[in-house]
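Take a look at the structure first, and then we can go through it together.

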Amino acid sequence: MYRKILMRMRMRMRMMNATRKVVVGWAKEYKRYLSTTTTNQILLSPPLVSVDLPEIWGSTSTLYHHHPSQSPVSHAKIINGKSIAEEITSRVASNVKRMKESIGKVPGLAVILVGQRRDSLTYVRNKIKACEEAGIKSVVAEFPDSCAEEDIMTSLSKFNEDPSVHGILVQLPLPEHLDEEKILNLVSLEKDVDGFHPINMGNLSMRGREPLFVPCTPKGCLELLLRSGVEIVGKKAVVIGRSNIVGLPIALLLQRHHATVTIVHACTKNPERITCEADIVVTAAGVPSLIRSSWLKPGAVVIDVGTCPVEDPSAEYGYRLVGDVCYEEALSIVSAVTPVPGGVGPMTIAMLLCNTLDSAKRLYGFT
Ligand SMILES: Nc1nc2c(c(=O)[nH]1)N[C@@H](CN(C=O)c1ccc(C(=O)N[C@@H](CCC(=O)O)C(=O)O)cc1)CN2
């Protein structure tokens with residue numbers, strides 16, 4: 001009886017050691033990957049399928065060295081999304097130039113814009129401007145608020161068929177009377193540069209599957225973390241908000257990068273208690289100054305996706321943009337934080353350029 005137990009224990013120890021070797025080996029491999037970017041590679045994010053670990057559970061306490069900083073950090077790093085986005089845009093531009101020179105083709109983006117929402121008009125204008133900067137061809141199909149679903153479907157079908165269009169996006173949100181699901185389902189999988197097609201989203205959520213495109217804002221958040229040298233493996237991450245555009249896909253991405261992820265949402269009891277244990281906080285609640293200093297762990301890294309206009313008579317247009325995080329309070333506690341504006345927003349657009357370029361490269365087999 002004792003011999004049997006002893007043998008079982010030895011066996012288990014051997015399995016745990018094997019697992020440890022795989023995980024440590026993988027972590028080293030992953031670090032090496034991050035430190036070797038080639039000239040044509042624009043982003044630090046590795047191909048998704050390569051970050052898969054064997055599903056063997058065991059004690060990992062000796063594998064990852066966790067150094068929680070207990071003392072308040074007074075000099076938080078401000079993660080400058082605007083300048084990172086500019087750098088990425090110029091890399092996309094040189095790739096586009098190279099593509100044009102060698103195969104005589106440029107990537108093309110088609111945008112569907114419905115209605116006159118001020119924020120949507122701004123975002124689409126900025127996307128078109130960014131395409132111009134990068135040498136990407138763009139076209140916008142504009143529809144009135146009251147348009148029929150059929151008109152959008154017809155326009156989408158034309159873009160799906162057009163060989164000069166490599167990326168298609170439908171600016172969200174759509175007016176209430178339109179069926180968002182039906183419309184997004186019609187976008188060709190190969191041109192779905194927003195990554196909102198249920199097959200792309202489904203593949204993102206499954207182990208060993210690779211979506212053709214990752215949604216732009218979450219991809220931008222991840223790139224900011226990687227470029228800021230933030231270690232993700234084994235860290236506690238809290239995502240605030242569960243939208244299809246940000247909350248859900250960023251939670252999936254962080255999990256793929258081996259963080260332990262908790263999603264906090266409007267129905268969560270005591271979200272402050274959960275969030276204040278996180279090493280990484282990504283917040284996309286859209287509630288100005290929701291995240292006070294008491295919500296944050298000293299030394300945490302905070303990515304603020306919230307962008308809300310609040311009245312400010314002293315501002316140029318009578319309003320200014322604020323994030324979910326009480327920025328001034330966070331500065332004295334966290335180790336790094338993104339500002340609003342100038343943090344995640346510009347990265348969303350830079351990632352759209354990357355996805356559009358990738359789509360064209362994939363079609364032409366251009367590397
Ligand atoms: N089809 C999509 N719709 C929406 C998406 C999306 O990714 N695809 N995301 C958001 C809006 N969005 C992109 O469309 C977006 C939001 C913010 C910014 C940005 O650059 N913000 C700036 C401030 C800009 C300003 O002056 O208003 C910043 O934060 O610095 C870009 C794109 C919802 N819809």
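Q: In which loop does Pro173 lie?
A: This is a predicted model, in which local features need pLDDT of at least 70, side-chain atom pairs count only at pLDDT 80 or more, and totals for chains, interfaces and linings use all residues. Residues are numbered from 1 along each chain as its sequence is written. Helices (H or I, at least four residues) and strands (E, at least two) are DSSP runs, numbered from the N terminus. With those names, Pro173 is in the loop between E4 and helix H5 (180–186).

Q: Is the peptide bond from Leu172 to Pro173 cis or trans?
A: Omega tells us here. For the bond from Leu172 to Pro173 omega is near 0 degrees, and the bond is cis.

Q: What is omega for the peptide bond from Val340 to Pro341?
A: Pro341 sits in the loop between strand E11 (336–337) and H11. The bond that joins Val340 to Pro341 is cis, with omega near -5 degrees.

Q: Which residue other than glycine has a positive phi, near 50 degrees?
A: Look in the loop between strand E6 (260–264) and helix H9 (271–275), where Asn270 is found. The residue with phi near 50 degrees is Asn270.

Q: How many residues surround the ligand?
A: A residue counts as near a molecule or strand if its C-beta atom, placed from the backbone, lies within 6 Å of it. The closest ones to the ligand are Tyr123, Leu172, Pro341, Gly345 and Thr348. In total, the number of residues around the ligand is 20.

Q: Which element gives the most to the shell around the ligand?
A: At least two shell residues come from each of helix H3 (118–134), strand E4 (167–170), helix H7 (216–227) and helix H11 (344–364). The one that gives the most, with 4 residues, is H11.

Q: How many charged residues does the shell around the ligand have?
A: Ala, Val, Leu, Ile, Met, Phe, Trp, Tyr, Cys and Pro count as nonpolar, Asp, Glu, Lys and Arg as charged, and the others, Gly among them, as polar. The shell has 11 nonpolar and 8 polar residues. The charged count is 1.

Q: Where does the shell around the ligand lie relative to the domains?
A: The chain is divided into domain 1 (105–188) and domain 2 (215–345), with bounds from an automatic or database domain assignment. Their centres, taken over C-alpha atoms, are separated by 28 Å. Both domains give residues to the shell, so it lies between domain 1 and domain 2.

Q: Are H7 and H11 roughly parallel or roughly perpendicular?
A: Axes are lines fitted to C-alpha atoms, for helices over the stretch in contact, and angles run from 0 to 180 degrees between N-to-C directions. Angles under 35 degrees count as roughly parallel, over 145 as roughly antiparallel, 65 to 115 as roughly perpendicular and the rest as oblique. H7 and H11 pack at about 110 degrees, with their axes 8 Å apart. That makes the pair roughly perpendicular.

Q: Is the crossing of H7 and H8 left-handed or right-handed?
A: The axes of H7 and helix H8 (residues 247–256) come within 8 Å and cross at roughly 40 degrees. A crossing is left-handed if the near helix is turned anticlockwise from the far one by less than a right angle, and right-handed if clockwise. For H7 and H8 the crossing is right-handed.

Q: Which residues of H3 meet H11?
A: The axes of H3 and H11 come within 10 Å and cross at roughly 50 degrees. Two residues are in contact if their C-beta atoms, placed from the backbone, lie within 7 Å. On the H11 side are Ile349, Leu352 and Leu353, and they meet, in H3, Asn126, Lys127, Ala130, Cys131 and Ala134.
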